[in-house]
Amino acid sequence: MARATGWFAFASVRGAYRGMPVDLWIGWAALWGPLPVLLRRVLPVPVALGLLLWLDAVAMPALHPLVRLGPHWLVGEVVGLLAVALPAQLLGRFSADRRHLRTRTLLQLGLFTALLLWFVPTLAFELGDDSWAALTGLSATRLVLLAQVALLVAVPALAAVREFSARGGGTPYPWDPPGRLVTTGPYSYLANPMQVGAVALTLLTAAVTRSLALAAAAVVIVAFGAAVARPHEEYDLDRRYGQRWQGYRRQVRNWWPRWRPYPGTPAVLWLDDDCGPCEATRRFLERRRPVNLTIAPAAEHPRLLWRAEYAGGDGHTERGVAAVACALEHVDLGWALVGWTLRLPGIDWLAQLVTDAMIAPPHPARRRGEGCPTPSNGCSTAPSPRSVSTASPESRPAPSRQPPE
């Protein structure tokens with residue numbers, strides 16, 4: 001960005017990558033990244049950023065002629081501090097102190113996305129063949145279509161990241177792992193959904209750019225995962241969870257998904273028997289014999305429910321469309337993909353808005369015989385048969401008590 005805007009540039013020297021000397025790149029990364037994090041006890045974020053600004057203001061003019069400064073280079077310096085150094089400091093500090101789980105998960109996801117979809121392809125193009133021209137030369141329509149395909153390919157990996165955060169209490173990074181064994185969501189079908197998603201996105205980028213070097217990079221990712229990451233991960237998980245982990249791994253593969261989910265954590269879906277769309281949802285799920293899922297009347301819930309509620313045996317809860325999306329994970333891989341897509345940020349909000357406005361507005365689940373609270377709440381005119389457990393024979397019994405909120 002600095003070279004494109006004219007903020008500053010670098011002399012043409014050997015050992016440069018993308019126009020920047022590699023030794024400066026590495027030094028800058030260390031200076032703006034781990035060094036202030038290691039000193040975080042004595043350097044609060046504002047102080048660290050102020051010192052970095054002062055150091056660059058002194059050092060960069062002294063690096064002439066290696067660094068050629070433009071008239072507005074200080075603007076670029078401030079932009080760099082806010083767009084690069086600040087997120088790096090927040091990510092490093094939050095991860096080191098295990099604070100602000102959601103924020104550090106989003107920062108990690110952004111960093112990994114940049115590495116996977118920009119740095120690795122650019123490195124492959126620089127050292128191998130082809131370039132971004134094949135991608136940037138596509139029409140706007142094809143770019144939008146490609147983005148949608150890439151998003152669908154990434155859905156299981158994104159859902160796995162959310163599962164680590166919401167139900168495991170950790171992040172995808174090995175040095176910041178979940179505190180609980182996660183066998184729900186994509187992990188009930190595949191042991192390595194994030195690695196599979198990364199390889200699939202790399203191969204998709206290689207196909208679009210027609211890069212053999214990037215295809216080779218995908219092979220390297222698989223080899224690294226199988227030969228380096230997998231033994232370390234399995235040793236760590238076996239040490240922490242023992243027989244629970246061993247039983248899971250005997251039934252769930254690394255690179256080839258199951259069709260039906262692993263019967264791990266049981267769950268309950270509370271639906272209103274007197275709501276027409278809810279009753280249709282109940283029948284839809286029962287016909288497909290969900291694994292380890294019990295469907296119960298919302299009227300029997302200890303609290304008054306205004307929307308469907310999903311309650312996992314691990315205490316995780318979801319409401320509304322997200323609750324039904326979680327229930328789809330108990331059916332099979334095809335419907336689980338639909339559920340994960342429905343829970344993507346933005347799509348979940350839109351799906352809930354449409355449902356509330358046109359399908360089943362929020363309404364209190366009344367005890368049997370109390371009737372519909374309003375004519376517009378989608379209630380049926382007659383009580384339906386009582387909901388029953390739909391756990392399949394391959395699943396374990398559902399919890400006998402209401403999971404904690």
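## Aromatic rings

Two rings of Phe, Tyr or Trp (for Trp, its six-membered ring) are said to pair if their centres lie within 6.5 Å, and the pair is stacked when the planes are under 30 degrees apart, edge-to-face when they are over 60, and tilted in the rest of the cases. The model shown above is predicted, which is the reason that local features need pLDDT of at least 70 and side-chain atom pairs count only at pLDDT 80 or more, while totals for chains, interfaces and linings use all residues. Residues are numbered from 1 along each chain as its sequence is written, and side-chain values use heavy atoms, with hydrogens and water left out.

The structure holds 13 aromatic pairs. One of them is formed by Trp-28 and Trp-32, an edge-to-face pair with 5.9 Å from centre to centre and 75° between the planes. These two residues, Trp-28 and Trp-32, are four residues apart in helix H2 (residues 22-32), and therefore about one helical turn separates them; helices here are DSSP runs (H or I, at least four residues) numbered from the N terminus. Trp-28, at 18% relative accessibility, counts as buried, and Trp-32 counts as buried too, at 9%, where buried means under 20% relative accessible area, exposed means over 50%, and partly exposed lies in between (1.4 Å probe, protein chains only). Another pair is that of Tyr-173 and Trp-175, whose ring centres are 4.8 Å apart and whose planes meet at 70°, so this pair is edge-to-face. In that pair Tyr-173 counts as buried at 13% relative accessibility, whereas Trp-175 counts as exposed at 62%. Phe-8, Phe-10, Trp-28 and Trp-32 form one aromatic cluster.

## The second largest pocket

A pocket is found on a 1 Å grid over the protein atoms alone, as an open set of points with protein on both sides within 12 Å along at least five of seven lines, whereas a cavity is a set of points where a 1.4 Å probe fits but cannot get out; lining residues have an atom within 4 Å of a point. The second largest pocket has a volume of about 620 Å³, where a volume is the space filled by probe spheres set on the grid points, which are joined across faces, edges and corners. The lining of this pocket has 17 residues, and the closest to its centre are Arg-102, Leu-106, Arg-162, Arg-343 and Pro-345.

Helix H6 (101-127) and H8 are the elements that give two or more residues to the lining of the second largest pocket, and H8 gives the most, with six residues. By class, ten of the lining residues are nonpolar, two are polar and five are charged; Ala, Val, Leu, Ile, Met, Phe, Trp, Tyr, Cys and Pro count as nonpolar, Asp, Glu, Lys and Arg as charged, and the others, Gly among them, as polar.

## The cavity and Ser-188

The structure holds one cavity of 30 Å³ or more, and about 120 Å³ of space lies in the largest cavity. Of the 15 residues that line the largest cavity, Thr-184, Ser-188, Tyr-262, Thr-265 and His-330 lie nearest its centre. The lining of the largest cavity divides into five nonpolar, eight polar and two charged residues.

Ser-188, one of the residues nearest the centre of that cavity, lies in the loop between helix H8 (140-168) and helix H9 (193-209). With 4% relative accessibility, Ser-188 counts as buried, and a polar atom of its side chain lies 2.6 Å from the backbone oxygen of Gly-185. Leaving aside neighbours within four places in sequence, Ser-188 is in contact (heavy atoms within 4.5 Å) with Thr-183, Val-252, Arg-258, Arg-260, Pro-261 and Tyr-262.

Thr-209 has its place in helix H9 and counts as buried at 1% relative accessibility. The side chain of Thr-209 reaches the backbone oxygen of Thr-205 at 2.7 Å. Not counting residues up to four places away in sequence, Thr-209 touches Phe-125, Asp-130, Ser-131, Ala-134, Leu-135 and Leu-214.

Leu-285 is found in helix H12 (residues 276-287) and is buried, with a relative accessible area of 0%. Apart from its neighbours within four places in sequence, Leu-285 is in contact with Leu-269, Pro-290, Ile-295, Ala-327, Leu-328 and Val-331.

How values were computed. A polar contact is a pair of N or O atoms within 3.5 Å; within protein, one must be able to donate a hydrogen and the other to accept it, and residues adjacent in sequence count only if both atoms are side-chain atoms.
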